[in-house]
Amino acid sequence: MDFKVKRKSTKTPATGNQFELYPHDLQLYKIPPVENITLQEFETLALERVNLLRTLSTATTLRGLRLNSEEFVEFVLNDLRAQGLKYYAKLCEKSGCGSTKADFEARRKDHIAHFILRLAYCRTEELRRWFIARELELFKMRFAVMRGEAVEVFFKLNNLCYTTISEDEKNEVIQNLIESTPYSKIDNMKFYKVKFFEVLDLVKARKVFLNDGYAYIPHRDFISVLAAQYRTHLKQNLAKACHHLCEIEQDERLVCLLKGLHQSYSGNDYSETKAVIPIESLDSISTKSFPLCMRQLHEQLRIAHHLKHGGRLQYGLFLKGIGVTLEDSLRFWREEFIKIMDLDKFEKQYAYNVRYNYGKEGSKRNYSPFSCLKIINTNVGPGDCHGCPFRHCDTGVLKNKLIGYGFSHQVVSDIVELSKKTHFQIACSKYFDAIHNADVGLGINHPNQFFEESQKILKGELKVQPKKENLVKKDIVDSIDAMDFDEPLE
Amino acid sequence: MIGEHNENILSDMLPTYYARQFPQNIFCRWLACGSSPQPLCNRELSFTLADDVYLRYLSISHQKDLQTLLQKKCPHKLDVGAVYNTKPSVGRHDAVVISRELVFDIDLTDYDEIRTCCQEARVCEKCWKFMVIACEIIDKALKDDFGFQSILWVFSGRRGIHCWVSDYEARTLDSPGRGAIADYLCLIVGGENQSKKVHLGNENLHSSIRRALNIIDKYFEQLLQDQEFLATDKLNSFLKLIPDDALKSQVETTLKKMQEPSLNKWNTFINIYENYCRENGNVIRKIKYLIEEIKIQYCYPRLDVNVTKGFNHLLKSPFSIHPKTGKVSVVFKSANAKNLKIDEIPTIYSLLDDSVAENNQHETNMKAAVKIFQELVFALEKTEAMRKRSDANTSLDF
Ligand code: SF4
Ligand SMILES: [Zn+2]
């Protein structure tokens, strides 16, 4: 990457070669920009793109909108416009190959800003992952809004030549294509044959016909192939960028700017804690301040003296996040596990994992506790007790559990109803209110946030209205869709 | 009869087993081939010794090393790990995993919520059928869907089976790739707190699911008889699989009045279901594939997906001895899984003691297993040589 940042402002020349540089709204960012820009513009472009990516992240991870669904597109466009990011709104609304001055300018900014963020986000694995996920969402969104002719131009410009299979070959497998491709009217679709590992997202979701190592995809699934290539390209280049970071590290202001970018919004990731929580208090604290997912794991561990891998990971990281030290953690797990196994076996098979969670083994990363979204979307299999109980429990089981905790009928049925409607985090918020006997209406997006908010209330740092009886009525349930889950309430 | 299994005498017998019975040569060739283009010495082996000492990051350069190492350490458990960019003992934490066979681990303990004949570590001929079905379904998918050829099936030594795919494409697959394959093959999801674990929606069934169902159908009635899934004391968990309340109560009333066996109850259930669908066309969306879902929940392979997704999960080596049972982790052909009888599997005792009655039979079985292993390795070596040649050709073009 080759940035020259000037301190003095110069006008960007509107030259004729912009057409060659930026013929299409959608880019694969193969070539870094070479022009000189001012520090001022550098900063503006960077911040604007962080905001763009942040909008995407809000839409998918906090609001749980399905990528490219109508609500998703609407939310993103409105949010971008509200922030005054018109050129991004334009690029996200349609991808074409227009040639007005505004078109070129938008593409130029898009191009430069993307490369600036590569520098800002290449430093750590965690940042890289966040960045790649967002850029991919952006790419997929923009690919999806691209229309007929623009698609062809895009393929041609990027030398993407794939050939479709012959009618004969298609007819041979037509029955399978009908069964295994999630679209109707297969008959007049053209199909491509690519290696299965080029479309892993389709394989994973079982949405493509596979035969002998090849995936048969219709044109509209081509985005999977491109997204996979784009992901690889980004991954490699972020790794490279990381190596070259030192070259720009001489400019201090630039360094500060790049380092500060992500923090400028991301807030707490709960991988650092302040207070220490003694393990002796876990039994009582788990009923007062734990979200249900963790309370359930705690109970299971006490009953069975064992948790399967997924449970150990989810609960172990949570404990770390609330302030249980590594030494305490080891002691805590050991005391339970050795009720059903030799100390030796524990030390050999399980202690490693505990230390691993604390970044003391293996890749030595400081792992963050899981967010609700991650927990809700996790896989749970036979014998597993982790996951989010509002999502991963049968209605009857959930109901009995809550009744067993002594909640009123009304509360129990409210929570169960919300879970049924897949409003898991809102159900969790109700649970929060129920154990604190208050109406906080907290937006919950992280178990550790749940814990911290609860502690604040218990320690009296946060005053809450004690609950007025009979307040739980239908209208609350209905208005909940409008609740804002953007930020944890402080 | 073979005497009781005794962990203490293992230490005396293992050196002889490793020297005389363990197919060292072919094992090394399999490992080497599955490590290329990295050298054999970049492959991690791990040993668990008699006193449970666990040695990781071991490696060998050729068969002679293996022989010495086995004699010197006499491992009670022998595991195979990943291939690194350097000798694993040198690199330790800095070593990078380059490749690894794509592996699957299917264990009968994951069937505890449905099998009725045994629990936990026990296994009998009846529940072994779950493994037969699992093997057939996974094997077919790996071959037909993913185009893999070098697929090794191994008895885990106690109550499960392992599968190693050595095709180059499989070995070099990254973790998202492994994850995608695992998810593609995994139909049973949901934890302790969810009864119904299979949801097929109401669109067309994917070809791979149809194929799996055809396989299941070959065994379903037999399993139903063996396991009595619908026996009176199991009926409640069966009813929980029916998401439609009206249908559920109809089924409940009728089946509660019926006598065993489950097969009759099952057929009655199908009748009720079909009538119900005919009469209530509008509710059919939710229960369109109910029969299929139930069959899958009762019969479909329950994979330990973490083993498949993880790149460097250590897995028990073929032909090693299971320390708890003394049984050999024999290799078998997928087509032959149904003929594999648990008590015909050679044990270290039956092989080394020619006074036991099974000695002859077990020796023959051991030889047959080694032969299957050999054939697979020969084929793998051939493909690998061809791949190298064509790689050399393409690189000349540049
Ligand atoms: S919503 Fe989040 S905090 Fe609440 S139970 Fe589910 S995963 Fe846990
Ligand atoms: Zn059994």
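Two strands count as paired here if DSSP finds at least two bridges between them, and the strands and helices themselves are DSSP runs numbered from the N terminus (helices are H or I with at least four residues, strands are E with at least two). Everything below comes from a predicted model, where local features need pLDDT of at least 70 and side-chain atom pairs count only at pLDDT 80 or more, while totals for chains, interfaces and linings use all residues. Residues are numbered from 1 along each chain as its sequence is written, chains are lettered from A and ligands numbered from 1 in the order in which they are written, and side-chain values use heavy atoms, with hydrogens and water left out.

**View 1. Strand 5 of chain A and its two antiparallel partners.**
L210(A) stands opposite A215(A), which sits in strand 5 of chain A. Look for Y192(A) here: its bridge partner in strand 5 is I217(A). Strand 5 itself (residues 214-218) is mostly covered, with four of its five residues buried. Buried means under 20% relative accessible area, exposed means over 50%, and partly exposed lies in between (1.4 Å probe, protein chains only). A handy reminder for this view: in a regular strand the side chains alternate between the two faces of the sheet.

**View 2. Where chain A meets chain B.**
Chain A brings 37 residues to the contact and chain B brings 43, contact meaning heavy atoms within 4.5 Å. Between them the two chains bury about 3,100 Å², 50% of it on carbon and sulfur atoms. In chain A, E179(A), R206(A) and P382(A) lose the most area to chain B, together 22% of what that side buries. (Buried area is the accessible area, with a 1.4 Å probe, that two parts lose on being put together, summed over both.)

**View 3. Salt bridges and polar contacts across the A-B interface.**
Four salt bridges run between chain A and chain B, a salt bridge being a side-chain nitrogen of Lys or Arg within 4 Å of a carboxyl oxygen of Asp or Glu. One to zoom in on pairs K204(A) with D183(B), whose closest N and O atoms are 2.6 Å apart. Several elements of chain A each supply at least two residues to the side touching chain B, among them helix 10 (200-204), strand 4 and helix 21 (395-404). Helix 9 of chain A gives the most, with four residues.

**View 4. R159(B) in its loop.**
R159(B) is found between strand 6 (151-155) and strand 7 (160-165) of chain B. With a relative accessible area of 16%, R159(B) is buried. Its side chain makes a polar contact with the side chain of D107(B) at 3.1 Å. Leaving aside neighbours within four places in sequence, R159(B) also has contacts that include L108(B), E120(B) and V123(B).

**View 5. A salt-bridge network in chain A.**
E35(A), E41(A), E105(A) and R108(A) are linked by salt bridges. Within this group, the side chains of E41(A) and R108(A) meet at 3.3 Å, N to O. The pair ties together distant parts of the chain, helix 2 (residues 39-62) and helix 5 (residues 101-121), with the two residues 67 apart. E41(A) is partly exposed at 21% relative accessible area, whereas R108(A) is buried at 1%.

**View 6. Two salt bridges in chain B.**
R171(B) and E384(B) meet through their side chains at 2.9 Å, N to O. Helix 6 (residues 168-171) holds R171(B) and helix 16 (residues 359-396) holds E384(B), 213 residues away. Both partners are buried. The other pair is K256(B) and E252(B), with the closest N and O atoms 2.9 Å apart. These two are separated by about one helical turn because they lie four residues apart in helix 10 (residues 245-257) of chain B. K256(B) is partly exposed at 48% relative accessibility, and E252(B) is partly exposed at 27%.

Definitions and conventions
A polar contact is a pair of N or O atoms within 3.5 Å; within protein, one must be able to donate a hydrogen and the other to accept it, and residues adjacent in sequence count only if both atoms are side-chain atoms.
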